[in-house]
Amino acid sequence: MAAILSSLRNTVIAGFILTILMVLAVAGVTGEGQPGGHAWAAFLVRWLHVLSGVMWIGLLWYFNFVQIPNMGKIPDEQKPAIGKVIAPAALFWFRWGAMATLVTGLILAGMNGYLVDAMTLGLQGGVAKSTAIGIGMWLGIIMWFNVWFVIWPNQKKALGIVDATADEKAAAGRTAMLFSRTNTLLSIPMLYAMVSAQNVF
């Protein structure tokens, strides 16, 4: 077991294998939930969407609830470890988690036939579920845009990944922080909209 858990790669692979075994066991015992067909494929994309979203929002909240508030408490000589090692790795998974969440969400909406209705906020059909999921989708799209076109370019300057003067680094760091906080703010109604669309309407 230690060989599996000592390696992140092995841990993730084992997690997927355990999931497959669970699916097969449940299907074998109950006769329900067998892989195959459109409904199961749509569910699989939804599951991937949720996994991606957990990665994205989990890291967003890590930055805003843990890293940013505590940076001032870290001694100056230790800060390079955060800026040169931890932050770039976290930002890699953060931005690709955002991309995967967006892509799987759009695929899911297309597979289930509500993409256009949701993107138009249900105004064509007047369906509350489409309005709720549409609001969630638009908030997610805005957040994805912020990640890729505001936060990441500014973090590259702030972390010294690209050349910038000291003033430019400071300004870029503040811009990245403010847009990260914006995404934290938007994540709360976005998650409500997404979950309510599946459970309230």
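## Legends to the close-up views

**View A. The axes of helices α3 and α4 come within 8 Å of each other and cross at roughly 150°.** Each axis is a line fitted to C-alpha atoms, for helices over the stretch in contact, and angles run from 0 to 180 degrees between N-to-C directions. The helices themselves are DSSP runs (H or I, at least four residues, with strands being runs of E of at least two), numbered from the N terminus. The model is a predicted one, in which local features need pLDDT of at least 70 and side-chain atom pairs count only at pLDDT 80 or more, while totals for chains, interfaces and linings use all residues. Residues are numbered from 1 along each chain as its sequence is written, and side-chain values use heavy atoms, with hydrogens and water left out.

Because of their angle, α3 and α4 are roughly antiparallel to each other (under 35 degrees counts as roughly parallel, over 145 as roughly antiparallel, 65 to 115 as roughly perpendicular and the rest as oblique). α3 passes α4 in a left-handed crossing, a term used if the near helix is turned anticlockwise from the far one by less than a right angle, with right-handed used if clockwise. Helix α3 holds Phe63, which is buried at a relative accessible area of 6% (buried means under 20%, exposed over 50% and partly exposed in between, with a 1.4 Å probe and protein chains only). From Phe63 to Ala90, which is 27 residues away along the chain, the C-alpha atoms are separated by 8.8 Å. Tyr62 is also found in helix α3, but this residue counts as partly exposed, with 27% relative accessibility. Although Tyr62 and Ala90 are 28 residues apart in sequence, their C-alpha atoms are 9.3 Å apart in space.

**View B. Helix α4 (residues 79-111) packs with helix α6 (residues 128-158) at an angle of about 155°.** Two packed helices are described by the angle between their axes and the distance between the axes. For α4 and α6 that distance is 10 Å, and the pair is therefore roughly antiparallel. The crossing in which α4 passes α6 is left-handed.

**View C. Helices α6 and α7 (residues 166-199) pack with their axes 8 Å apart.** The angle between α6 and α7 is about 160°, so these two helices are roughly antiparallel to each other, and their crossing is left-handed. Within helix α6 lies Val147, a buried residue with a relative accessible area of 1%.

**View D. Five residues, Leu8, Val12, Phe16, Leu48 and Leu51, form a nonpolar patch on the surface.** Patches are made of residues with over 30% relative accessible area and no salt bridge, where like charges are joined within 9 Å and nonpolar side chains (Val, Leu, Ile, Met, Phe, Trp, Tyr) within 5 Å. Together, the residues of this patch have about 440 Å² of accessible area, which comes from the Shrake-Rupley method with a 1.4 Å probe, and for residues only the protein chains shown count as cover. Two or more residues come from each of the elements α2 (8-30) and α3 (37-70), with α2 giving the most, namely three residues. Val12 has its place in helix α2 and, at 41% relative accessibility, counts as partly exposed.

**View E. The side chains of Asp76 and Lys79 meet in a salt bridge.** Side chains of opposite charge can pair when their charged atoms come close. A salt bridge here is a side-chain nitrogen of Lys or Arg within 4 Å of a carboxyl oxygen of Asp or Glu, and between Asp76 and Lys79 the N to O distance is 3.5 Å. Asp76 is exposed, its relative accessible area being 59%, whereas Lys79 is partly exposed at 27%. A search of the whole structure finds one salt bridge.

**View F. Leu121 is not a glycine, and yet this residue has a positive phi of about 60°.** Leu121 is placed in the loop between α5 (115-119) and α6, where the residue counts as partly exposed at 30% relative accessibility.

**View G. The protein as a whole has seven helices and zero strands.** Read along the sequence, the pattern is α-α-α-α-α-α-α. Taken along the principal axes, the C-alpha atoms fill a box of roughly 60 × 50 × 25 Å, and buried residues make up 32% of the 201 residues.
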